[in-house]
Amino acid sequence: FGFGAGEHLEAATAAMSAKAKEDKLIKQLKEIQRRPENKQCADCTSKGNQYIVCKLNIFVCTTCSGVHRELQHRIKGVGMSTFTPEEVAAMDKGGNGVMRATYMATWSDRDFPVPAENDVQKIKAFITRKYVDKVWYREGGAPPPAPAQAQPPVQQRQVAPPAPPSGHQPPPQQQQQRAPAPPQQQQQQDLFSTGPVAPPLTAPAAHDGGAPPQPTPPGGDFADAFGGLTLGGGGAGG
């Protein structure tokens, strides 16, 4: 009895270990399934991707999986089948993106538009041309795009200002504003006298108790110099 119980325990432990490994592989496979390039069926416009074509390492929908079965391609369902570590590793390296780069390397939408998910006849024709006839196939996949070459930063050259012409003085940065000089008082000069010029008339100062002195009329000095003669046509004859 004890020997049988030990075998049963070992078997249960082995089963649990195998189940844990299988669950780990399924978890890894579902992570691969959720990648952006694998979210859509590889052969039509369907969003379904619950089946795997083991030979091609691609995710396909229910309709396309049936077409692949007709071509004798082995099909497995994610969450419905068991997978080996080698199969999961192949899906990790493959996937729908790698398939497009290889089996659709020279394909364009003008050649054969991707069929709708409910158009079975076009799906069959599309899958046959792609995988059997290999119309758009290229070994090694499509050439990767050339990496963009980094351009060195453009250094701005500092251009010196042109030299001024010979003899040219640069204008002063700030011109000092000078106050205009007060106008000089024009001196009244006697036309016939060589003596000093009389100072300009100023307002007389007020005297207490008397009338202010009268200013000397203009031309007084001139009249005294000629003894009271007046110039002009009305002078006295001699």
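Among contacts in the protein chain between residues at least 6 apart in sequence, what percentage join residues at least 24 apart? The share is 55%, where a contact means heavy atoms within 4.5 Å.

The structure is a predicted model, in which local features need pLDDT of at least 70 and side-chain atom pairs count only at pLDDT 80 or more, while totals for chains, interfaces and linings use all residues. Residues are numbered from 1 along each chain as its sequence is written, and side-chain values use heavy atoms, with hydrogens and water left out.

**Figure 1. Overview of the protein chain.** The protein chain contains six helices and three strands, in the order α-β-β-α-β-α-α-α-α along the sequence. Helices (H or I, at least four residues) and strands (E, at least two) are DSSP runs, numbered from the N terminus. Of the 238 residues, 22% count as buried; buried means under 20% relative accessible area, exposed over 50%, and partly exposed in between (1.4 Å probe, protein chains only). The accessible surface comes to about 18700 Å², and carbon and sulfur atoms account for 55% of that area. Accessible areas come from the Shrake-Rupley method with a 1.4 Å probe, and for residues only the protein chains shown count as cover.

**Figure 2. Confidence along the chain.** The predictor's confidence in each residue is given as pLDDT, from 0 to 100. Its mean over the protein chain is 75, with 55% of residues reaching 70 or more. Confidence is highest in strand S2, at 98, and lowest in helix H6 (residues 220-225), at a mean of 46. Over residues 144-148 the pLDDT stays under 50, and the model has zero contacts beyond four places in sequence for this stretch. Residues 185-193 also have pLDDT below 50, and this stretch has seven contacts in the model beyond near neighbours in sequence.

**Figure 3. The largest nonpolar core.** A nonpolar core is a set of buried Ala, Val, Leu, Ile, Met, Phe, Trp, Tyr and Cys residues joined through side-chain atoms within 4.5 Å. The largest one has 21 residues, of which Ile58, Val60, Cys64, Met99 and Tyr131 touch the most other members. At least two core residues are supplied by each of strand S1 (51-53), strand S2 (58-60), helix H2 (62-70), helix H4 (96-103) and helix H5 (120-132). H5 gives the largest share, four residues. A second, separate core of 10 residues includes Leu25, Ile32, Val78 and Met91. Leaving aside neighbours within four places in sequence, Val60 is in contact with residues that include Cys41, Ala42, Tyr51, Val53, Ser65 and His68.

**Figure 4. The buried face of helix H2.** The buried residues of H2 are Cys64, Ser65, Val67 and His68. Seen down the axis of H2, these residues fall within an arc of 160 degrees, so they line one face of the helix. The arc is that of the directions from the helix axis to the C-beta atoms. An α-helix has 3.6 residues a turn, so residues three or four places apart point the same way. The buried residues of H2 pack against S1, S2, S3 and H5. Just after H2, Gln72 takes a positive phi of about 65 degrees.

Figure 5. Lys76 is found in strand S3 and is buried, with a relative accessible area of 9%. A polar atom of the Lys76 side chain lies 2.8 Å from the backbone oxygen of Thr82. The side chains of Lys76 and Glu87 are joined by a polar contact of 2.9 Å. A polar contact is a pair of N or O atoms within 3.5 Å; within protein, one must be able to donate a hydrogen and the other to accept it, and residues adjacent in sequence count only if both atoms are side-chain atoms. Not counting residues up to four places away in sequence, Lys76 touches Gln50, Tyr51, Ile52, Cys54, Ser81, Thr82, Phe83 and Glu87.

Figure 6. Met80 is placed in the loop between strand S3 (75-77) and helix H3 (85-93). Met80 is exposed, with a relative accessible area of 57%. Beyond residues up to four places away in sequence, Met80 touches Gln50 and Tyr51. The C-alpha atoms of Met80 and Tyr51 are separated by 9.3 Å, although the two residues are 29 apart along the chain.

**Figure 7. Loop residues with positive phi.** Asn57 lies in the loop between S1 and S2, and its phi is near 55 degrees, a positive value in a residue other than glycine. Lys134, in the loop between H5 and H6, has a positive phi near 55 degrees. Lys134 is partly exposed, with a relative accessible area of 40%.
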